[in-house]
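Hi,

Here is the structure I promised to pass on. Have a look at it first, and my notes follow below.

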Amino acid sequence: MENSSIALERIVQGGLFDIELMQLLQWICRSTQCVEYHLFNLSVVLPVAEHLVTFVCTCFIIKSTDIRSARALTESFPHPFIVIDFAMENLDVLQEAIENGCQSFVLTPSTGVEFMDHFRYVHDRTIARYPSKRVFIVGDPDDTAIEFEDTVRSILNHSVIDDVIDLLLVQPDATRHRVDLFTNGFTPDELTRLDSYDIRSNWRSPNYGVDLFPNKRANLRQRYIRLSVFNYQPYTVWREAETPQEANSYLEHRPTIHIDGTESQLFIEFCASRNCRLEMSLDDVGEWGQIYDNRTGDGILGAVVERRSDIGVGALYSWHHEFGYLSLSKPISRTGVTCIVPKPLPLSSWMTPILPFSPFLWFAVIATFVIATFFEVLVSFGAQKINGKQSTGHVDVCESVMVIMAIFILQTVLLRINKTPIVSQMLLIGSLLLVGLMIGNAYSGGLASVMTVPRFEKSIDTVQDLADRNLRWASTHDAWIFSIQLATQPTIVKLLQNFGTYPKDVLHEHAKRRDMGYSIERLPYGHYAIGEYITDSVIGNFEIMLEDIYWEACVAMATKTWPLMNELNELTLLVFQSGIQQYWESKVVSKYADNKVQHAISISRHFDNPGPIALQPSHLIGAFFLLGFGLACGMICFLVELLWHQWSISRSGGQKRAMNQHKILLRSMEHA
């Protein structure tokens, strides 16, 4: 009987412990703000409901044997939850749960390692992003302290633990009716006891003010933040430091790198305020890089998507394709993408005679000349018929053409007045004189302006001009067109077809030949981000377009599970509203950029006014060209007419000789 009583007492005490433990865990959830929990082994049920009320949804990750315990916990759960059986469900169910708002996970040591193995894989494939995740691991009351510690160590040594800052470990001990609460640190060996609860005591005492999820993000205790950059002024600039004291970042955990730049400075301030260190990932060859469908890549983007880096920065835009693979920060700055294009050259001097009028006006003048000539011929023909000369007279078309031409160039004309004046002829000539006066004077004024003020080719001012000119534009990387690759407008599609990527030395050679445009960035405070291949020796050949091709928001891109994104966003918005970025931009540009290039771009649209200039022989090349053209045409026509005349004479002479021979033959036949 005594043995039976002892066994019965143990059973009763074990059941009471489970009930009290469940109440404790429910209180914990109501009094703290847990984000994510996974409960795999719910034979020991952890009441977490009150710590999850500020989140959208909670996931309970269980095994098939834990269904009854999961039901006991979730019956009084105060907000939405999802129960996932890892033994039966595939990872798509967990991914769908995260997409539906699962921000908190409850798990146990028996399934904790398995969950960690799939943590990054599942989150990388979700659209929903929740940087601040909390994981609640509940031990089994039947496990010994050594067994619990071994299980916890295997979880803390997992690489994914770097992405889980808020972790609460619950170790229940049924034999001593005690529950111990632990949290992780920044090293696998660091395990901090938060508090202990004696189930038999009044653990709900209001004197308990222990923060079960202390803010570890305020002091990262020299934790390394892996940052990926490349040299791209003025956003990110790096160089090897001469001394460790000069370095402000690390390479392979050694202080050997000094970074600067408008966006690099943001991370310097971030680590200064959060007590962390920057571990650099450098790739000047790959630059921005790209992400492939198999989640590999190169450059900044490749380093982040392959998790060789936590976060990357350096004029990264809010690209649609990259959003599917990475997490984007709040906008750091605004930038406008435009082009520097070859400056228009002075028009050739031989074009001087045709420059006073535009092509459309020339068309109107020529049409007027043809119409006026037609009416002149028509009226002259009518005048001859009225004067009774239709039988002997004829209309000289060449004379009419020369008369109209003389009127148009303000020359005197010989008008033949008939004895019987024709009013229509007088009106026609009068109107032609008025029109010729206006056209001639307009041309004279335009010609005087052209000969004293230099005229240039049409400049490329807008996106439409760039597309219409069919000018190639280029850079060292396709990242310049990532933002417009999905565009359907014909103008943008044509720009995409004309874009090319070349090495820096090739781009520099093309800049000397002035046969290509180059993409640059218009920074928010009046400066420009331009490639090293545009130097002071060639920048004089280019001018900046008046219109941006597009504008973008510069962001930082991190892995989807990077736990410090909210803190970075807070600092980003604080810096943005402070206006200190204007000082950063001015300092970095003046320190690293070529100020001559910056100045040349800023004034490329301002042309010096030389004032009145003395006429040179070059101004008359157009007139000499017209004279030469006229003489050549006249000589060619003269030769053609001469040959035609000779051929006509020869032909008429041959016909006469043939007729004479024919007459002689007839006479001889008559005599015979």
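To start with something you can check on screen: are R217 and D166 buried or exposed? R217 is buried, and D166 is buried too (buried means under 20% relative accessible area, exposed over 50%, and partly exposed in between, with a 1.4 Å probe and protein chains only).

Before the rest, some housekeeping. This is a predicted model, where local features need pLDDT of at least 70 and side-chain atom pairs count only at pLDDT 80 or more, while totals for chains, interfaces and linings use all residues. Residues are numbered from 1 along each chain as its sequence is written, and side-chain values use heavy atoms, with hydrogens and water left out.

Salt bridges

I took a salt bridge to be a side-chain nitrogen of Lys or Arg within 4 Å of a carboxyl oxygen of Asp or Glu. By that rule the count is 21 salt bridges.

Helices (H or I, at least four residues) and strands (E, at least two) are DSSP runs, numbered from the N terminus.

R217 also forms a salt bridge with E567, at 3.7 Å from N to O. Because R217 sits in the loop between β7 and β8 and E567 in helix α15 (residues 565-578), this pair ties together parts that are 350 residues apart in sequence. E567 is buried, as is R217.

Another pair is R605 and E543, with the closest N and O atoms 3.5 Å apart. R605 is in the loop between α17 (595-602) and α18, and E543 is in strand β22 (residues 542-544), so parts 62 residues apart in sequence are tied together. R605 and E543 are both buried. There is also a network of salt bridges that links R120, D124, D163 and R307.

Cavities

How many cavities of 30 Å³ or more does the structure hold? There are 2. For the method: on a 1 Å grid over the protein atoms alone, a cavity is a set of points where a 1.4 Å probe fits but cannot get out, and lining residues have an atom within 4 Å of a point. Grid points are joined across faces, edges and corners, and a volume is the space filled by probe spheres set on the points.

The largest cavity holds about 80 Å³ of space. Its lining includes P234, Y235, T262, E263, Q581 and E585. That lining divides into 6 nonpolar, 3 polar and 2 charged residues (Ala, Val, Leu, Ile, Met, Phe, Trp, Tyr, Cys and Pro count as nonpolar, Asp, Glu, Lys and Arg as charged, and the others, Gly among them, as polar). P234 lies in the loop between β8 and β9 (237-240).

The second largest cavity has a volume of about 40 Å³. It is lined by W288, A315, Y317, W319, A479, W480 and E521, which divide into 6 nonpolar, no polar and 1 charged.

Surface and backbone

W350, I354, F625, L626 and F629 form a nonpolar patch on the surface, with about 510 Å² of accessible area together. Patches of this kind are made of residues with over 30% relative accessible area and no salt bridge, with nonpolar side chains (Val, Leu, Ile, Met, Phe, Trp, Tyr) joined within 5 Å; areas come from the Shrake-Rupley method with a 1.4 Å probe. F625 lies in helix α18 (residues 621-671) and is partly exposed, at 42% relative accessible area.

Two residues with positive phi are worth a look. R221, in the loop between β7 and β8, has phi near 55 degrees without being a glycine, and counts as partly exposed at 48% relative accessibility. N275, in the loop between α6 (264-274) and β12 (276-282), is not a glycine either and has a phi of about 60 degrees. N275 is partly exposed at 29% relative accessibility.

Finally, I62 in strand β1 (residues 57-62) is buried, with a relative accessible area of 1%. I62 and L107 are 45 residues apart in sequence and 7.3 Å apart in space, C-alpha to C-alpha.

Cheers

Note on methods:
1 Å grid on protein atoms, 1.4 Å probe; cavity = no way out; pocket = protein on both sides within 12 Å on 5 of 7 lines; lining within 4 Å. Patch = residues over 30% accessible without salt bridge, like charges linked within 9 Å, V, L, I, M, F, W, Y side chains within 5 Å.
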